[in-house]
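I opened the model this morning and kept these notes as I went through it, one topic at a time.

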Amino acid sequence: MLPLMEEFYTIQGEGFNTGKAAYFIRLGGCDVGCPWCDVKESWDADKHPMTAADTIVANAKKYPANAVVITGGEPLIYNLNYLTSELQKAGVKTFIETSGAYPISGFWDWICLSPKKFKAPTPSVLAAADELKVIVFNQSDFKWAEEHAALVSADCKLYLQPEWSRAAIVTPLIVDYVMQNPKWEVSLQTHKYLNIP
């Protein structure tokens with residue numbers, strides 16, 4: 001049983017898998033508390049119905065993409081072994097978006113780590129990350145991004161993404177930084193430009 005805030009079929013808007021169709025599973029519950037979070041209503045797990053993992057799997061299987069993104073909130077608050085193993089048994093690829101604040105659980109085809117300053121990522125998530133996506137709010141975030149890039153594996157993809165409310169200010173800084181440091185790539189919240197969930 002997991003607190004399910006919402007589930008919906010859409011196009012992945014950010015990071016390595018941008019542009020790909022996926023079924024999103026948003027779990028309630030988060031104690032990281034990012035001030036710019038655009039789903040603060042996910043923070044209180046008690047506000048969202050406890051839902052059987054088997055029901056979530058059955059819902060995901062109704063869509064043709066055969067890919068799910070599990071997000072939150074902070075999904076690693078929960079043990080995701082059963083949910084992800086059942087999804088994979090059904091032929092569904094499993095992606096996660098996490099701050100990394102809790103140890104890794106679950107079986108994953110892709111792990112997107114988006115660390116937050118308010119609660120450091122755990123070593124297990126840093127070691128397993130396929131993608132490091134750092135939200136840039138101001139100039140000091142570049143140094144912070146480099147500190148985390150030094151902690152992930154050498155083949156982890158590195159992304160810098162403007163915080164949406166500050167995009168006009170920080171996007172030019174990100175573009176310049178990536179041109180000077182091409183190990184990084186730019187990630188944009190394309191779903192917001194496309195006006196899709």
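Which residues does Leu 160 touch, not counting residues up to four places away in sequence? I find Val 134, Val 136, Phe 142, Ala 145, Ile 174, Tyr 177, Val 178, Trp 184, Glu 185, Val 186 and Ser 187, where contact means heavy atoms within 4.5 Å.

Before going on I note that this is a predicted model, in which local features need pLDDT of at least 70 and side-chain atom pairs count only at pLDDT 80 or more, while totals for chains, interfaces and linings use all residues. Residues are numbered from 1 along each chain as its sequence is written, and side-chain values use heavy atoms, with hydrogens and water left out.

**Cores.** I looked up the largest nonpolar core, which has 40 residues, and those with the most contacts inside it are Ile 70, Leu 80, Leu 83, Leu 160 and Trp 184. Apart from it lies another core of seven residues, among them Ala 22, Phe 24, Ala 67 and Trp 110. A nonpolar core is here a set of buried Ala, Val, Leu, Ile, Met, Phe, Trp, Tyr and Cys residues joined through side-chain atoms within 4.5 Å; buried means under 20% relative accessible area, with a 1.4 Å probe and protein chains only.

**Strand 2.** Strand 1 (residues 2–11) runs antiparallel to strand 2 and is joined to it by seven bridges, whereas strand 4 (residues 67–71) runs parallel to strand 2, with four bridges; two strands pair if DSSP finds at least two bridges between them. Ile 25 of strand 2 is the bridge partner of Glu 7, and Ile 25 also stands opposite Ile 70 in strand 4.

**Ser 42.** I located Ser 42 in the loop between strand 2 (21–27) and strand 3 (50–51), and Ser 42 counts as buried because its relative accessibility is 0%. Gly 73 is 31 residues from Ser 42 in sequence, yet their C-alpha atoms are 5.2 Å apart. Beyond four places in sequence, the contacts of Ser 42 include Met 5, Arg 26, Cys 30, His 48 and Gly 73.

**Cysteines.** I counted zero disulfides, a disulfide being a pair of cysteine sulfur atoms within 2.5 Å. Cys 112 is in none, and the nearest cysteine sulfur, that of Cys 156, is 8.7 Å away. With a relative accessible area of 4%, Cys 112 is buried.

Methods. Buried means under 20% relative accessible area, exposed over 50%, partly exposed in between (1.4 Å probe, protein chains only). Helices (H or I, at least four residues) and strands (E, at least two) are DSSP runs, numbered from the N terminus.
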